[in-house]
Amino acid sequence: MDTRALRNPYVDYDGSAALTQSLFDSSGQLTPEFSQRLRTTISELLAVMENGLRSADPRDCTAYTGWAGIALLYLHLHDVFREPTFLQKAQMHAERSLSCLTHRHDVTFLCGDAGPLAVAAVVYHRLQRAPEADECLSRLLQYHQRVVQGAGGLPDELLYGRVGYLFSLVFVNQQLGQHRIPLQYIQQVSEAVLASGVQQSRKFRAQNQSPLMYEWYQEKYVGAAHGLAGIYYFLMQPGLVAYEEHVHQLVKPSVDYVCRLRFPLGNYPPCVGDERDLLVHWCHGAPGVVFMLLQAYKSFGVAQYLSDALQCGEVVWHYGLLKKGYGLCHGAAGNAYTFLALYRQTQEAKHLYRACMFADWCMNYGRHGCRTPDTPFSLFEGMAGTIYFLADLLQPMKAKFPAFEL
C-alpha cells in the first residue's frame, strides 16, 4: 500500500482540543476561519476548473468524467450555497450532457445515459420546468424493462450494471420526492440483482461461502465501483428489496463473506483470490468497503461490522493520500469520505479531524507531485470531485459520497 501513497504528514488526533480548536468546536461546527478557507479554495479551484473544461471532451456526457458530472457538482454547490448562478451552470452542463448521450446499453448513473437524464430531471425540477423534467424521467424509465431482464448481458455492478440504474431511480426520488419513481420499479431492479447473484453463486459453486456472487469482466471484484461491496451496500438500503427475509438470508451472509476477505491490516483485495494488499481507493479497497460495513451495522446491529469499518479508517489515514491525486474514485478526496461516513455514524471528533486534514491536503492541490488524471477536471477523476468534497465538508453531518452514497 505504501508504494502507492505519499507519507501522511499530519499529526493524528489524540483527543487534544488544541488539535481541533482551529477547525471545529465540540459540536462539530466548523470554525469561521476554517470554513472561510474552504470557501476561498472552492472559488479558486472552480475558476481553474472552468478554464480547464474548455479543452474537455465535448462528447463525454457521463457523470463519471463528463458533463453530467459537472452539472452534478453545480447542483451540489447550489444545495450548499443557494446561489442561483450555480443552478444556471448546472442547467448549462446538464443540457450539454443531453446533447451527446451515448445511445448505447450503458444504463447507469455514472457511465451511461441514465445519469445525464436523472441529473437533468432534477435541474429542470428546481427551475420549475415540469415538462422538461417529465420528459427526462420518461426517457429514464424506458430503460427499466431492459435492466430488469438483463438484456445484452447487463452486469450488476455500479459503474456499468443494474445497481448503477438503481441509483439513478433512487437519486430522482431523493431529489424530487419519494414517490416520483414508483417503489415497485425500484424493487424489481433489486430483485433482479438478487436473482442474478443467486444464479452466479451457483455457477461458481460458492453457495456455501456466499449465497450471492457477482462478476464483471470475468473477475469477482470486491470493491464499491465494480464489486460485491457496492452491490451489497444498495441491497441493504431500507425498502429497496421487497422481501426483508431476502436481506437476512441472502445479503447478510454474503456481506460476511466479504468480511472474511479482509487483509491483516484492515484493507480488502480488489478481486476474490487476489492476495496483493495494494489499493486504497474508493473503487477498490477499504475506502469503498467501509460504506457496506456501516450499512451492515445499521441493518443488523452486529458490532463487528462497526469494528471492521473503524479499521478501514485506520487504513485510509495511513495510506489514503494517494500518488494518483486528489479525485473521488482513486484519490484523497474520495478517501476522505471514509472519515465523514465514520463521523456521521459515531460523532467522534477523531474522524472529523482526519477529514479536515485530508481537506487541507486537497486545498494544496497540485503541490504534492501527484499524477495528473486523464480527465483532470472531471467529477470522479479530477478537480470537480475535489471541489465537491470541500463543499460537502462545510456541512459534515450531511456529507455523502456523490453518485453512490444514499
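## A residue tucked away

Start with Ala224: its relative accessible area is 0%, and since anything under 20% counts as buried, Ala224 is buried. Keep in mind that this is a predicted model. You'll find Ala224 in the loop that links α9 (183–203) to α10 (228–235).

So who touches Ala224? Setting aside neighbours within four places in sequence, Ala224 is in contact with Leu158, Ala229, Gly230, Trp282, Cys283, Gly288 and Phe404. Phe291 is worth a look too: 67 residues separate it from Ala224 in sequence, but their C-alpha atoms sit 8.4 Å apart in space.

## Helices α12 and α14

Phe291 also takes us to the next stop, as it is one of the α12 residues that meet α14. A word on how to read such a pair: two packed helices are described by the angle between their axes and the distance between the axes.

Here, α12 (residues 286–300) packs on α14 (residues 332–346) with the axes 8 Å apart and an angle of about 15 degrees. Angles under 35 degrees count as roughly parallel, and α12 and α14 are therefore roughly parallel to each other. The crossing of α12 past α14 is left-handed.

On the α12 side, the contact uses Pro287, Val290, Phe291, Leu294, Tyr297 and Lys298. Facing them from α14 are Asn335, Tyr337, Thr338, Ala341, Leu342 and Gln345. Sorted by class, that contact has eight nonpolar, three polar and one charged residues.

## Helices α3 and α5

The other pair is α3 (residues 67–81) and α5 (residues 114–126), whose axes cross at roughly 35 degrees and come within 10 Å. α3 also passes its partner α5 in a left-handed crossing. From α3, the contact draws on Ala68, Ala71, Leu72, Leu75, His78 and Asp79, while α5 brings Pro116, Val119, Val122, Val123 and Arg126. By class, this contact counts eight nonpolar, one polar and two charged residues.

## A closer look at α3

Is α3 mostly buried or exposed? Of its 15 residues, 14 are buried, so α3 is largely enclosed by the rest of the structure.

How does the length of α3 check out against what you'd expect at 1.5 Å a residue? Its 15 residues should span 21 Å, and the end C-alpha atoms of α3 are 21 Å apart, so the two agree.

Terms used:
Residues are numbered from 1 along each chain as its sequence is written. This is a predicted model: local features need pLDDT of at least 70, side-chain atom pairs count only at pLDDT 80 or more; totals for chains, interfaces and linings use all residues. Side-chain values use heavy atoms; hydrogens and water are left out. Axes are lines fitted to C-alpha atoms, for helices over the stretch in contact, and angles run from 0 to 180 degrees between N-to-C directions. Helices (H or I, at least four residues) and strands (E, at least two) are DSSP runs, numbered from the N terminus. Angles under 35 degrees count as roughly parallel, over 145 as roughly antiparallel, 65 to 115 as roughly perpendicular and the rest as oblique. A crossing is left-handed if the near helix is turned anticlockwise from the far one by less than a right angle, and right-handed if clockwise. Contact means heavy atoms within 4.5 Å. Ala, Val, Leu, Ile, Met, Phe, Trp, Tyr, Cys and Pro count as nonpolar, Asp, Glu, Lys and Arg as charged, and the others, Gly among them, as polar. Buried means under 20% relative accessible area, exposed over 50%, partly exposed in between (1.4 Å probe, protein chains only). The expected span of a helix is 1.5 Å times one less than its number of residues.
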